Amino acid sequence: MRPLPSYPTDASPAAAPVDQADGLRRLFAAGRRQRLVPVAFNAHAEGTPALLERLAGAFIELGARTLVVDAADSAPRANALAEVDLAAAIEPLGPGMAYLAARGLPLRHVNSRGSCEAWLGAVEAAAADVDVILLHANARDLVRLLGRREVRPVLVTTLDPASLTDAYASMKLLAQRSGLMTFDLLTGMTGTPKAAQRIAERLASCADSFLGAVVREAVWLDRREPVDTPATPALARLAAHQLADIDTPDSGFGLPAFGAGTDLHAY
């Protein structure tokens with residue numbers, strides 16, 4: 001594996017490089033649980049699979065073995081094997097990355113109270129050797145899967161106004177049904193970072209004004225770039241903060257928490 005990247009914090013451009021590998025050794029010490037990173041499916045966000053792959057790549061660059069569980073409406077239909085042996089249905093995609101096609105599986109395991117948390121627990125047990133589970137599903141299924149877990153969902157959007165509306169609808173549902181009030185944002189764009197920045201600012205403003213929610217990290221990626229492009233500093237920061245404890249102000253990687261008052265122009 002190539003050396004892990006280091007970069008200065010936004011608060012201090014001249015800061016000393018961060019030893020991210022050491023941070024991960026502490027993070028994944030004995031007894032630390034897997035990280036679950038929910039990603040809300042957006043029916044209007046073209047190019048989402050590439051964004052998911054780049055997000056997974058950012059975790060892998062930080063040394064975290066990653067499983068993408070794709071239960072979104074756009075995902076391939078689940079392998080019949082997944083009903084009897086989840087572990088056998090997980091496909092290795094490359095060093096540090098695996099994939100589970102899971103469209104339709106959560107709804108097949110809903111209990112009498114409308115929850116399919118038990119199925120997610122079975123996935124976690126079947127993939128006990130991975131560090132990160134990227135769970136891609138529509139917001140309704142995420143509510144059923146997550147219960148009251150303390151996680152920070154990732155919203156996906158593009159410059160299309162319909163995709164922004166969809167992202168806000170997912171945020172609203174997760175805030176109202178699951179009590180989740182902090183989110184990250186991935187925006188796919190084609191060479192128009194200022195427009196992507198405005199999208200992020202608009203969603204962050206609506207989240208704060210109407211839901212009392214916060215967009216913690218906002219990252220835009222050019223969809224024309226290959227999926228194996230190394231993570232940008234902003235994407236690496238998003239991944240590092242997702243790997244940290246949700247309620248811990250310092251990520252454990254020497255990176256300051258992104259919170260209220262932070263200027264989205266830096267991202």
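Me: What should I know before I start?
Reply: The model is predicted: local features need pLDDT of at least 70, side-chain atom pairs count only at pLDDT 80 or more, and totals for chains, interfaces and linings use all residues. Residues are numbered from 1 along each chain as its sequence is written, and side-chain values use heavy atoms, with hydrogens and water left out.

Me: How many salt bridges does the structure hold?
Reply: A salt bridge is a side-chain nitrogen of Lys or Arg within 4 Å of a carboxyl oxygen of Asp or Glu. The structure holds eight. One of them joins Arg-144 to Asp-141, at 2.7 Å from N to O. Both residues lie in helix H6 (residues 139-146), three residues apart, about one turn of the helix. Helices (H or I, at least four residues) and strands (E, at least two) are DSSP runs, numbered from the N terminus.

Me: Is Asp-141 buried or exposed?
Reply: Buried means under 20% relative accessible area, exposed over 50%, partly exposed in between (1.4 Å probe, protein chains only). Asp-141 has 5% relative accessibility, so it counts as buried. Arg-144 is at 25%, so it counts as partly exposed.

Me: Which parts of the chain does the pair Arg-152 and Asp-184 link?
Reply: Arg-152 and Asp-184 form a salt bridge, with the closest N and O atoms 3.2 Å apart. The pair links distant parts of the chain: Arg-152 is in the loop between H6 and strand S6 (154-157), and Asp-184 is in strand S7 (residues 182-189), 32 residues apart. Both Arg-152 and Asp-184 are buried.

Me: What does the side chain of His-136 make a polar contact with?
Reply: A polar contact is a pair of N or O atoms within 3.5 Å; within protein, one must be able to donate a hydrogen and the other to accept it, and residues adjacent in sequence count only if both atoms are side-chain atoms. The side chain of His-136 makes one with the side chain of Asp-70, at 2.9 Å. His-136 lies in strand S5 (residues 132-137). His-136 counts as buried because its relative accessibility is 3%.

Me: Which strands pair with S5?
Reply: Two strands pair if DSSP finds at least two bridges between them. Strand S1 (residues 35-40) runs parallel to S5, joined by six bridges. Val-37 has Leu-134 as its bridge partner in S5. Strand S2 (residues 66-70) also pairs with S5 in the parallel sense, over five bridges. There, Leu-67 stands opposite Ile-133.

Me: How many residues of S5 are buried?
Reply: Six of its six residues are buried.
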